[in-house]
Amino acid sequence: MGFETSLWTGVSGLRAAQKQLEVAAHNIANVNTPGFSRQRVELQPAHTAPGAYGVRGDGQMGTGVTIAEVIRMRSGLTDAAYWNESGNAAGSQARAEVLGRAELILGPLDGGVPVALSKFWSSWDDLSLNSTDAGARQGVMDAAATLTAHLRSSASQVDRLTRDTGLGVNDTIADINNLAQEAAELNQAIKESIAAGQTPNDMMDRRDAVVDQLVSLTGGMVRAGELGSVDVYVSNRGLVRGESFETMQARTDGSSGAAWADGKLVSSGGKLGALAELVNTTLPGIRAELDAFAVGMRDLINAAHQAGFDQDGAAGAAFFTGTDAGNIELNPAITARKIAASAGGAAVDAGNALSIAGLRTALAVGPETLQQALQSLAGRLGSLSSTARSTAEASRQVLDNIAGERAQMSSVSTDEELADIVRFQHAYEAAAKVIQVVDSCLDTLLNVVGR
């Protein structure tokens with residue numbers, strides 16, 4: 001090996017150490033950057049130089065080091081596991097948030113519909129003890145007004161929650177379209193860069209972060225594409241395929257959810273699927289149960305009230321008006337004197353008030369009393385919310401564990417990077433020393449030859 005080869009060997013060491021220092025500095029600069037993957041310089045020996053033919057001991061000689069590539073510290077298996085679970089976690093979290101609000105629809109434990117119903121029955125008990133008492137009659141009206149107001153409020157909350165969740169579906173569709181376009185553009189830039197012999201690690205980090213969000217929103221599947229690109233499939237249809245992508249739109253058939261640009265429905269999971277299910281099935285089911293309670297109460301009380309007589313001896317009118325929980329109310333025609341407390345028409349007769357008070361044990365909503373129907377609805381709300389919270393917590397724990405494994409592989413440790421910087425610095429100084437020694441040898445040789 002001549003001085004020229006030795007010189008270039010030292011230069012290759014300088015370049016390698018310099019590149020390692022640059023990459024370590026880049027890692028440290030991005031220690032707090034979300035989605036950034038730690039990078040590492042992969043080195044390999046340079047091509048060997050052949051020795052002199054026939055000269056013993058003068059075999060092939062090394063010529064230094066070359067930079068093979070700068071790699072991202074990522075695990076494909078961990079990424080796949082993360083993508084498989086993130087859609088479930090996002091959907092579970094969306095359900096837990098919405099159903100947590102739904103759990104409060106009937107009001108607090110010390111108020112709301114259950115307490116108002118109890119006070120309504122008690123007001124009829126009081127009236128049955130003294131049908132001519134104006135205060136007791138007013139108490140029935142006040143209790144009825146309070147009960148129906150709570151029912152209307154509960155129905156309004158369900159409607160508002162359904163509407164808000166539907167808006168969430170539309171916002172999610174818009175986010176999916178933006179992310180799909182960005183993922184496709186990044187795929188194209190990555191493919192062009194790799195085709196040109198470059199290693200676009202930072203662009204791949206950004207693209208994978210976008211894919212993370214896409215999968216959590218749609219529950220889609222991720223597959224490796226060409227030249228470092230990735231494809232995202234939703235319900236076996238390519239949302240992102242290389243540098244191309246499809247867009248979604250809100251359904252126009254009266255149901256909530258997404259459709260492709262050609263009108264075919266999107267069967268998705270993730271946050272989008274969970275929100276659509278809540279709007280289309282879960283929340284309407286809750287509203288239907290609330291309406292059934294309101295209608296059952298209306299029909300039960302109206303039939304009994306119309307069988308009695310008011311203080312003027314006239315037959316009782318319908319006590320409640322309205323078609324569902326959203327508009328049920330005390331009949332505006334009912335006044336204190338118009339309450340049909342009498343069973344036979346006598347002013348002091350409280351037989352009908354006693355009969356109405358006894359309706360607390362009568363079947364009103366299918367095979368259930370009003371109290372039982374209300375307890376069933378409250379139990380359903382509590383069960384839905386509790387199950388959603390438990391499922392969300394379990395999914396979150398699984399996802400956090402996978403994310404921890406991912407971070408262990410990809411996150412930047414400043415301590416490790418600082419230690420590597422010292423090591424690279426020494427390598428750089430050693431390579432520089434080689435060049436210095438070769439330069440000194442050349443200078444000595446030239447001086448000798450010059451004499």
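Student: Is Asp205 buried or exposed?

Tutor: Asp205 is buried, because its relative accessibility is 5% (buried is under 20% relative accessible area, exposed over 50%, partly exposed in between, with a 1.4 Å probe and protein chains only). This is a predicted model, where local features need pLDDT of at least 70, side-chain atom pairs count only at pLDDT 80 or more, and totals for chains, interfaces and linings use all residues. Residues are numbered from 1 along each chain as its sequence is written, and side-chain values use heavy atoms, with hydrogens and water left out.

Student: Which residues does Asp205 touch, not counting those up to four places away in sequence?

Tutor: Asp205 touches Gly35, Phe36, Ser37, Arg72 and Arg74, contact being heavy atoms within 4.5 Å.

Student: And where is Asp205 found?

Tutor: In helix H5; helices are DSSP runs (H or I) of at least four residues, numbered from the N terminus.

Student: Changing topic, which residues touch the most other members of the largest nonpolar core?

Tutor: Phe120, Trp124, Met248 and Phe319, out of 86 residues in that core. A nonpolar core is a set of buried Ala, Val, Leu, Ile, Met, Phe, Trp, Tyr and Cys residues joined through side-chain atoms within 4.5 Å.

Student: Which helix gives the largest share of this core?

Tutor: Helix H4 (residues 134-195), with 18 residues.

Student: What is Met248 in contact with, leaving aside neighbours within four places in sequence?

Tutor: Its contacts include Ile173, Ile176 and Asn177, along with Trp260 and Leu272.

Technical notes: Helix = DSSP H or I, 4+ residues; strand = E, 2+ residues; numbered from the N terminus.
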